[in-house]
Amino acid sequence: MACAASAAVATVGLAVSPAAAAPAAPATTTQAEPGGACTAADLGTRHPYIKSSEVTPTITHFKGWYVTEGSTGTQSVNTSVQTTISVSVGLTGNVEGSFEFETLGKVGASLGLNVQVNYTSTSSTSTSVTWNFRNPGYYGLYKGTKKVTGTYGSLNCNRVQQGDGSWALKWIEGADTGSYTTFTTLEEGAVRCEDKVPANSIMRKAQDLLDCGSATATAKHPAGPVPSAKAAEAGHEAEKAAKAEKSVKTTGSPAPATRAALDCQPAVYKIDVPGKPLNWSAPLLANDGIRLRESNWTSAHLDNWRLCNVTERNGVIEASLWNWGNGGCATVPADIANQEQAYLTTATCGEDDLQRFYIYRDVPGSSKIGVQNKYTGFMMGHDRYADGELIRQYSSGRQDGTGTYTLTGV
């Protein structure tokens with residue numbers, strides 16, 4: 001592995017910290033807002049903000065049903081699946097971390113809707129609707145909900161230069177964005193072509209599936225089910241869309257293309273817990289992870305890191321973290337990348353967003369940082385301060401400030 005010096009070292013402006021840096025300040029208790037103040041303890045955290053939202057009345061189950069004079073009264077009708085809605089946040093679709101819960105909570109609050117904030121889905125099997133038919137006619141029995149989709153961004157703490165040239169820590173728009181899907185409480189009912197219903201309502205969507213005006217809708221039928229060509233077509237399109245989405249999520253990305261060499265800055269760092277002896281140490285074994293260790297004569301450069309292929313955008317560094325000891329790059333294992341608290345390890349350096357990290361910095365004069373994985377958007381941290389403790393990813397970071405580290409020049 002060849003590491004060539006890069007001119008980026010002059011433009012990035014990383015400060016070298018003293019060996020004994022001051023402990024991180026307590027995490028802020030104020031609400032994260034764009035441009036709001038944050039503290040060094042917030043460098044390893046992130047919070048969502050909602051960029052866009054769309055609410056779409058959606059029918060999940062439907063059945064066309066004809067009622068004759070002799071078949072009025074209460075009946076239970078099995079409806080067929082039109083579409084299945086699953087709650088998801090981000091690329092992985094999981095809802096298991098604090099960032100995902102907070103995202104969906106903000107969606108509901110911003111729209112004034114009671115939306116699902118846990119991983120769940122509407123039923124993917126036929127379900128029954130019981131209804132009291134008072135009059136004969138052509139009915140559409142349905143179950144439906146309001147599907148809520150949109151995009152989110154993240155707020156991260158980073159240094160910002162003020163108009164007078166001074167620096168301050170503020171919440172800025174982070175580099176990572178994603179999409180979400182959720183839905184409101186399910187409703188069920190029955191509707192006829194002649195019923196007056198609100199526009200853009202769930203009931204109106206069900207009425208549309210009756211295909212009012214068609215020969216099927218206007219003809220007389222025996223009591224019981226009436227096939228709706230429009231409902232069948234809508235269900236088929238929903239199924240195709242769901243299969244396409246599933247295919248994208250399960251295919252995954254190809255194996256990373258390996259690099260013959262990295263363009264690395266000459267500076268070498270330890271990634272320390274501020275003011276304490278333990279720092280990030282790369283594994284010797286392929287199936288192990290990066291752990292907190294105390295540097296000594298046995299460290300063999302496993303605690304030495306270089307920033308490689310560095311870019312900077314809006315004051316936020318993006319870099320690969322190359323380890324001097326084992327020649328690998330820090331990464332989140334691909335098979336567990338969607339998991340809260342997945343551990344960090346090293347692998348053969350390659351063109352892979354799992355090996356790229358955003359680095360959020362304290363004001364000049366301090367080299368406290370927060371580290372975020374580019375692909376997952378999760379922040380790096382550790383469960384507890386202890387020798388041998390794994391470095392892990394947390395969707396919102398560590399709110400107690402333990403996700404703030406220090407780059408100490410070696």
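**Disulfides, core and a buried glutamine**

Visitor: Starting with C264, is that one buried or exposed?
Guide: In this predicted model, C264 has a relative accessible area of 1%, so C264 is buried, the cut-off being under 20%.

Visitor: What is C264 joined to?
Guide: C264 forms a disulfide with C308, with an S to S distance of 1.9 Å. C264 sits in the loop between β11 (261-263) and β12, while C308 belongs to strand β15, so the link ties together parts that are 44 residues apart in sequence.

Visitor: And C308, buried or exposed?
Guide: C308 counts as buried, because its relative accessibility is 0%.

Visitor: Which hand does that link have?
Guide: The link of C264 and C308 is right-handed, with 95 degrees about the S-S bond.

Visitor: How many disulfides are there in the whole structure?
Guide: There are four. Counting bonded cysteines along the chain, the pattern is 1-2, 3-4, 5-6, 7-8.

Visitor: What about C193 and C212, which hand is their disulfide?
Guide: Left-handed, because the torsion about the S-S bond is about -95 degrees. C193 is in the loop between β8 (187-192) and α3 (202-209), and C212 is in the loop between α3 and α4 (215-218), so the parts tied together are 19 residues apart in sequence.

Visitor: How accessible are C193 and C212?
Guide: C193 is partly exposed at 27% relative accessibility, and C212 is partly exposed at 37%.

Visitor: Switching to the largest nonpolar core. Which residues touch the most other members?
Guide: W280, W305, L321, L344 and I391, out of 30 residues in that core. The elements giving two or more residues to the core include β12 (269-272), β13 (278-281) and β15 (305-313).

Visitor: What does W305 contact, sequence neighbours aside?
Guide: Leaving out neighbours within four places in sequence, the contacts of W305 include W280, L321, W322, A330 and T346.

Visitor: Last topic, Q355. Where is that?
Guide: Q355 is in the loop between β19 (350-351) and β20. From W322, Q355 is 33 residues away in sequence and 9.5 Å away in space, C-alpha to C-alpha.

Visitor: Buried or exposed, and why?
Guide: Q355 is buried, because its relative accessibility is 2%.

Visitor: What does the side chain of Q355 reach?
Guide: The side chain of Q355 reaches the backbone oxygen of T348 at 3.0 Å. A polar atom of the Q355 side chain also lies 2.9 Å from the backbone nitrogen of G350.

How values were computed. Residues are numbered from 1 along each chain as its sequence is written. This is a predicted model: local features need pLDDT of at least 70, side-chain atom pairs count only at pLDDT 80 or more; totals for chains, interfaces and linings use all residues. Side-chain values use heavy atoms; hydrogens and water are left out. A nonpolar core is a set of buried Ala, Val, Leu, Ile, Met, Phe, Trp, Tyr and Cys residues joined through side-chain atoms within 4.5 Å. Buried means under 20% relative accessible area, exposed over 50%, partly exposed in between (1.4 Å probe, protein chains only). Helices (H or I, at least four residues) and strands (E, at least two) are DSSP runs, numbered from the N terminus. Contact means heavy atoms within 4.5 Å. A polar contact is a pair of N or O atoms within 3.5 Å; within protein, one must be able to donate a hydrogen and the other to accept it, and residues adjacent in sequence count only if both atoms are side-chain atoms. A disulfide is a pair of cysteine sulfur atoms within 2.5 Å.
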